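Reader: Before we discuss details, could you show me the chain that we are going to read together?

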Amino acid sequence: MVSKHLLAGLICLFFLNSCTGFKPLYKNNLEQIDVLKNFIIITDQAPVSKKIKKELIKLLPKKRNKLYILKIVGATQSLGIVSDSNRRISRYKIETVAKIKIYKREKSLDKLIYSFNDKQIAPYSLISNNIRSTLAGRKKAENITIQLISSSIYQRILIFMIKGK
């Protein structure tokens, strides 16, 4: 019995020792994080793109200069995922996709320096004879995907800027 506990303790010690080189992104790279103040956000005018922009504005620090352009092109779609024995769909998922491009402002032409796609999915239920509840569930699922995408975009921009473009 003692040998099992000793072995478990050694394994835990090994895994904890692996974390010794961990450095938080925000502690030692303040000048790169300061670069986040220089982003302006543009969208394709789709409602979901505007919502992602609104969430990102909450995450990014207040801007001073317009050195970088963050372009968001977003789309959502609902897909039926579960059907009952009568082949009626009773559960849906909403899929939100964002195509992100980062441009660096230059005198003659803006230069594309980074692009990526992000996709998030959240389920919601179809409630028979209650359209308001179904629509409320869809809206909540869409808001969840928008928050997840915004957070993911923020983290990817942060990592990209810290790595040094």
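Author: From the N terminus on, the elements of the protein chain run α-α-α-β-α-β-β-β-α, where helices (H or I, at least four residues) and strands (E, at least two) are DSSP runs numbered from the N terminus. This is a predicted model, in which local features need pLDDT of at least 70 and side-chain atom pairs count only at pLDDT 80 or more, while totals for chains, interfaces and linings use all residues. Residues are numbered from 1 along each chain as its sequence is written, and side-chain values use heavy atoms, with hydrogens and water left out.

Reader: How is a pair of aromatic rings described, and how many aromatic pairs are there here?

Author: Such a pair is described by the distance of the centres and the angle of the planes. Rings of Phe, Tyr and Trp (its six-membered ring) pair if their centres lie within 6.5 Å, and planes under 30 degrees apart count as stacked, over 60 as edge-to-face and the rest as tilted. By this rule the count comes to four aromatic pairs. One of them, Phe39 with Tyr68, is stacked, at 5.1 Å centre to centre and 20° between the planes, and it links strand E1 to strand E2 across 29 residues.

Reader: Are Phe39 and Tyr68 buried or exposed?

Author: Both Phe39 and Tyr68 are buried, a term for under 20% relative accessible area, with exposed meaning over 50% and partly exposed in between (1.4 Å probe, protein chains only). Tyr92 and Tyr124 are also stacked, because their ring centres are 5.6 Å apart and their planes lie at 15°; here Tyr92, at 21% relative accessibility, counts as partly exposed, whereas Tyr124, at 8%, counts as buried.
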